[in-house]
Amino acid sequence: MYKEAIRPAWAEINLSNFDYNVKQIRAKMGNDREFIGVIKADAYGHGAIQCAEVLRENGVKTFAIATLQEAITLREAGATERIICLGLTPDMYVDILAQYDIIPVVDDSRNARAISDAAAARGKTIDCLIAVDTGMGRIGYLADDLNYAIEDIRRIAVLPNIRILGMFSHMATADAFDKTFSHEQEARYNRFYDAVTQAGIPLPFRTLANSASIMELPTVLFDGCRPGIILYGQYPSHEVDKNQLSLKPVMQVKANIVHLKYVPPGFSCGYGRKFIANRPSAIATVGLGYADGYPRPYSAKARVIVNGQICNVAGNICMDQFMVDVTDVPGVKVGDEVIVMGTDGVNTISADDIADATGTINYEITCAFGQRLPKVFVK
Ligand SMILES: Cc1ncc(COP(=O)(O)O)c(C=O)c1O
């Protein structure tokens, strides 16, 4: 139990493991490429400010976030690194880019003009990345609509207070075993780059690679890579070759038993009475629930580790609490630690285990656990 957590449930963030992952990724990427630490969504739930600090210690000079508020949080915590905002910035908010020196991605010259005007008003020039849709289908100039794109990028190139730093795109299936579509994206990316630069518009900084690309697509690493999920010690999918990169999970989720009772057969637990004891049972209550990112659809399959034993969750996970069948844990008592996600060195419940059981991906699991649980940083 941690006094500073102010509740008997917490996400334990191991910054030594984060540091280990950063070093592994750097070795994989090579030293001559820009390491863009993707710390959006509060570093996938792990704490952006603390993760930024470890990236900084490792010489990382560029961070990527998804929302302006995330950039402001980093700046207010003293970050002086380059910060790329990976989402588009509507005209209404462009002054924030200028105020906080944030690098936007841009796919429209009217938006670029608004950004240039905002920068001018503050006596600044803003660097931007040209966003290109090579197959993600999300944002960016359509890679095959070259004539329109070149015409519009020319309009951006002549704006006085915005400077084109380079070209950005995002991979849709880099984490799949079949790399056919990734190579199509790569070809589109290269065609677009060649056409724009041959039209006389330099794109000195190219970035395309996400985690899975860093692991398995060495030809798309270009000038800067954007590792996200691998920073946090999670693999991007079950289809990547995990031997490509050694990683250590950064987040564990732990809690303490707050209530323990001994009940007869027939006793039921939780909303909907989904657990009914079929033997004299010991039931522990834990103060953590789906509002903390513990998915309710996991309830029937949910397992936790208590004093070295794997135990079943008893009934539906509630918003802020859940119950565990601890009948088979000798000597169990109030205050004992419950590992909700993590390892005791023998047994492990991973983010992937929870994701697989609930039809989602490990990304969503760590992001969700990161939202309300207090974070305890360990080294
Ligand atoms: C534009 C962009 N770049 C990079 C990343 C990092 O991806 P990953 O976590 O798979 O490395 C993301 C994550 O969603 C993203 O949206």
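Modeller: Start with isoleucine 83, whose bridge partner in strand E5 is isoleucine 102. The chain gets from E4 to E5 by way of helix H5 (residues 94-100), in a right-handed β-α-β crossover. Right-handed here means that, with the strands pointing away from the viewer, the path from the first strand over the helix to the second runs clockwise. Helices (H or I, at least four residues) and strands (E, at least two) are DSSP runs, numbered from the N terminus.

This is a predicted model, in which local features need pLDDT of at least 70 and side-chain atom pairs count only at pLDDT 80 or more, while totals for chains, interfaces and linings use all residues. Residues are numbered from 1 along each chain as its sequence is written, and side-chain values use heavy atoms, with hydrogens and water left out.

E4 and E5 (residues 102-106) pair in the parallel sense over three bridges; strands pair if DSSP finds at least two bridges between them. On the other pairing of E4, strand E3 (residues 62-65) runs parallel to E4 (residues 82-85) over four bridges. Threonine 62 has arginine 82 as its bridge partner in E4. Between E3 and E4 the chain passes through helix H4 (residues 68-76), and this β-α-β crossover is right-handed.

Now the charged contacts. The whole structure holds 24 salt bridges, each a side-chain nitrogen of Lys or Arg within 4 Å of a carboxyl oxygen of Asp or Glu. One of them joins lysine 375 to aspartate 42, with the closest N and O atoms 3.2 Å apart. Lysine 375 is in strand E20 (residues 375-378) and aspartate 42 in helix H2 (residues 40-44), so this pair ties together parts 333 residues apart in sequence. Lysine 375 is partly exposed at 23% relative accessible area, and aspartate 42 is partly exposed at 33%. Buried means under 20%, exposed over 50%, and partly exposed in between (1.4 Å probe, protein chains only).

Another salt bridge is formed by arginine 188 and aspartate 144, the closest N and O atoms being 3.7 Å apart. Arginine 188 sits in helix H8 (residues 180-198) and aspartate 144 in the loop between strand E7 (141-142) and helix H7 (146-157), so parts 44 residues apart in sequence are tied together. Arginine 188 is buried, with a relative accessible area of 17%, whereas aspartate 144 counts as exposed at 56%. Elsewhere, Arg7, Asp292, Asp320 and Arg372 are linked in a salt-bridge network.
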